[in-house]
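Hi everyone, thanks for making time.

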Amino acid sequence: MSEFFWICNFILEALAFLSKFFSSFSVRFLVSLGFVLPLPGGEARLLDPAEAALPDPPAPEQLPACCRGIVMDYSAEMLKLGDLLFGLFSEALGLDPAHLKEMGCSEGLGIASHYYPACPQPDLTLGIARHSDLGFVTVLLQDHVGGLQVFRRDRWVDFPPTPGALVVNVGDMFQLISNDKFKSVEHRALVRSVGPRVSVAAFFGNEGLSTSRIYEPIKELLSEDDPPKYHGITVRDFFFRSFQKGIDSSSILSRLKR
Ligand SMILES: O=C(O)CCC(=O)C(=O)O
Ligand SMILES: [Fe+2]
């Protein structure tokens, strides 16, 4: 990915320049280049991450030439990693190793790359506000700058970058199908006075997974003592309802509680 960062640097610097026209905020740089839209909550975003999503990936020419190849290669590697991860998660739940893959958890993949320019007044804003990811699992690659925080035991804990390591986040849909055996994690990204910072998120189970399949707590995990905690929903509906609500700390999981 270092080549990706290097090649994109020119564009990213241009975006940093553009961001000076707005007050303190971060720019989310999404691989499908478009135009900058200031969003409420102190963020700006460039088009939609679903633009770089599988199983319906964009035509290569829709991606910027500078990162077209690497985004496709990275997606292919992430799909392999996804199979491995969902195999491990299945085993951790005491299921057949192929269970989560057969449920389609690793089929929908969205890649979004975020760009956070150095901010002169980082206390006034956030890179990404408090949220949990919506899909099954997110694999996050972050550079050396840092800024990711996880909400744990009632406080924000820094999640400093470790060279060569990927961060694996459990998302809301995984909490739903695992009937709370895995809990989605609330996190946010700060901006820093140093930077820029770049991160690349690979979302498994993004809204690109347009299946009509209803996802509900996995039957094999249920018992009389452990009845289903949630109603079933399609991935698409889950995303739709979550986006309607907007990004904040309240997951729509609470509205699906039985
Ligand atoms: O940039 C980061 O560290 C976090 C990104 C993130 O939370 C997301 O894309 O959902
Ligand atoms: Fe996130």
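Okay, let's start with the ligand. Strand β12 gives the most to the shell around ligand 1, with 4 residues. Keep in mind as we go that this is a predicted model.

So who else is in that shell? β5 (109–116) and β6 (128–131), like β12 (197–204), each supply at least two residues. If you want names to click on, the residues around ligand 1 include H114, Y116, I128, H131, D133, L148, R197 and S199. By type, the shell splits into 6 nonpolar, 4 polar and 2 charged residues.

Now, which side chains have a polar atom by an oxygen of the ligand? Take H114: one of its polar side-chain atoms is 2.6 Å from an oxygen atom of ligand 1. For R197, an N or O atom in the side chain sits 2.7 Å from a ligand oxygen. And D133 has a polar side-chain atom 3.1 Å from an oxygen atom of ligand 1. How much of the ligand does the protein cover? On its own, ligand 1 has 300 Å² of accessible area, and the protein covers 96% of that.

The side chains of R197 and Q142 make a polar contact at 2.9 Å. Q142 itself lies in strand β7, residues 137–142. Is Q142 buried or exposed? It counts as buried, because its relative accessibility is 10% and the cut-off for buried is under 20%. Its side chain also has a polar atom 3.2 Å from the backbone oxygen of F159. Leaving out residues up to four places away in sequence, Q142 touches several others, among them L148, P160, V167 and S199.

Last stop: the aromatics. How many aromatic pairs are there? The structure holds 8. F89 is in helix α2 (residues 65–92) and F174 is in helix α4 (residues 172–177), so the pair ties together parts that are 85 residues apart in sequence. Both are buried: F89 has a relative accessible area of 12%, and F174 comes in at 0%. Zoom out a bit and you'll find ring pairs linking F86, F89, F174, F182 and F204 into a cluster.

That's my tour, so over to you for questions.

Technical notes
Residues are numbered from 1 along each chain as its sequence is written. Chains are lettered from A and ligands numbered from 1 in the order in which they are written. This is a predicted model: local features need pLDDT of at least 70, side-chain atom pairs count only at pLDDT 80 or more; totals for chains, interfaces and linings use all residues. Side-chain values use heavy atoms; hydrogens and water are left out. Buried means under 20% relative accessible area, exposed over 50%, partly exposed in between (1.4 Å probe, protein chains only). A polar contact is a pair of N or O atoms within 3.5 Å; within protein, one must be able to donate a hydrogen and the other to accept it, and residues adjacent in sequence count only if both atoms are side-chain atoms. Contact means heavy atoms within 4.5 Å. A residue is near a molecule or strand if one of its heavy atoms lies within 4 Å of it. Accessible areas come from the Shrake-Rupley method with a 1.4 Å probe; for residues, only the protein chains shown count as cover. Ala, Val, Leu, Ile, Met, Phe, Trp, Tyr, Cys and Pro count as nonpolar, Asp, Glu, Lys and Arg as charged, and the others, Gly among them, as polar. Rings of Phe, Tyr and Trp (its six-membered ring) pair if their centres lie within 6.5 Å; planes under 30 degrees apart count as stacked, over 60 as edge-to-face and the rest as tilted.
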